[in-house]
Amino acid sequence: MKNWIIAENLSKVPMVEKGYGCCYAVKIPIIQGVCLIKIGATTEPKARLQNLRKKGTIFCVSPPHLNYWENEEILHNYYKQYRLPPRPHKGVQAELFNISLVYLFQTMPDLVYETKK
C-alpha cells in the first residue's frame with residue numbers, strides 16, 4: 001500500500017532522523033458510520049499521532065523522507081474536491097477529507113520520497 005505503515009498501535013510508527021518527515025493519514029470517526037480522513041505532514045510522527053489518538057482510530061504513515069511538505073500539498077490538492085471547508089471565522093483550511101482509507105490508498109497519486117541530502 002504505497003509503502004505506508006498502517007497501524008492501530010503507535011508502536012509501529014517510525015522515529016525519523018533530523019531533517020526528515022512523514023506524511024500521515026488518520027481515520028477519525030465523526031458519528032456512527034461516518035469517518036473523515038485527516039491528511040497531514042510532520043517531523044515527529046509518533047508525537048503528532050499521539051496527539052490525535054483521542055480522535056483517530058487507524059494511523060497511516062509514509063516512509064520518512066525530505067520532501068514531506070511537498071507530498072502533503074500534492075495529497076491535499078489531489079483530494080481537494082473531498083476537503084471540508086474551513087470553519088467560519090477560523091481562517092484556516094481544514095486538513096479533513098470526506099474519503100475512506102480504502103479510497104485513499106486505491107487512488108493515491110505516485111509520490112516521490114526523497115532521501116538524499
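Tyr78 has a relative accessible area of 45% and therefore counts as partly exposed, a class that lies between buried, under 20% relative accessible area, and exposed, over 50%, as computed with a 1.4 Å probe on protein chains only. Tyr79, by contrast, is buried, with a relative accessible area of 1%. This is a predicted model, in which local features need pLDDT of at least 70 and side-chain atom pairs count only at pLDDT 80 or more, while totals for chains, interfaces and linings use all residues. Residues are numbered from 1 along each chain as its sequence is written, and side-chain values use heavy atoms, with hydrogens and water left out.

The structure holds five aromatic pairs, where rings of Phe, Tyr and Trp (its six-membered ring) pair if their centres lie within 6.5 Å, and where planes under 30 degrees apart count as stacked, over 60 as edge-to-face and the rest as tilted. In one of these pairs, the rings of Trp4 and Phe105 have centres 5.7 Å apart and planes at 85 degrees, so the arrangement is edge-to-face. This pair links distant parts of the chain, since Trp4 belongs to the segment before strand 1 (5–7) and Phe105 to helix 3 (residues 101–107), 101 residues apart; helices (H or I, at least four residues) and strands (E, at least two) are DSSP runs numbered from the N terminus. Trp4 is buried at 8% relative accessible area, and Phe105 is buried at 7%. The rings of Tyr78 and Tyr79 are likewise edge-to-face, because their centres are 5.0 Å apart and their planes stand at 80 degrees. Ring pairs also join Tyr78, Tyr79, Tyr82 and Tyr103 into a cluster.

Turning to the strands, strand 2 (residues 22–31) pairs with strand 3 (residues 34–42) in the antiparallel sense over nine bridges, pairing being assigned if DSSP finds at least two bridges between two strands. Within this pairing Cys23 stands opposite Ala41 in strand 3, and in the hairpin, which has two residues between the strands, Gly33 takes a positive phi near 85 degrees. Strand 2 also runs antiparallel to strand 4 (residues 58–61), to which four bridges join it, and here Val26 stands opposite Phe59.

As for the cysteines, the structure holds zero disulfides, a disulfide being a pair of cysteine sulfur atoms within 2.5 Å. The sulfur of Cys35 lies 12 Å from the closest cysteine sulfur, that of Cys60, which is too far for a bond. Cys60 is in no disulfide either, the nearest cysteine sulfur, in Cys23, being 12 Å away. Cys35 is partly exposed at 25% relative accessible area, whereas Cys60 is buried at 0%.
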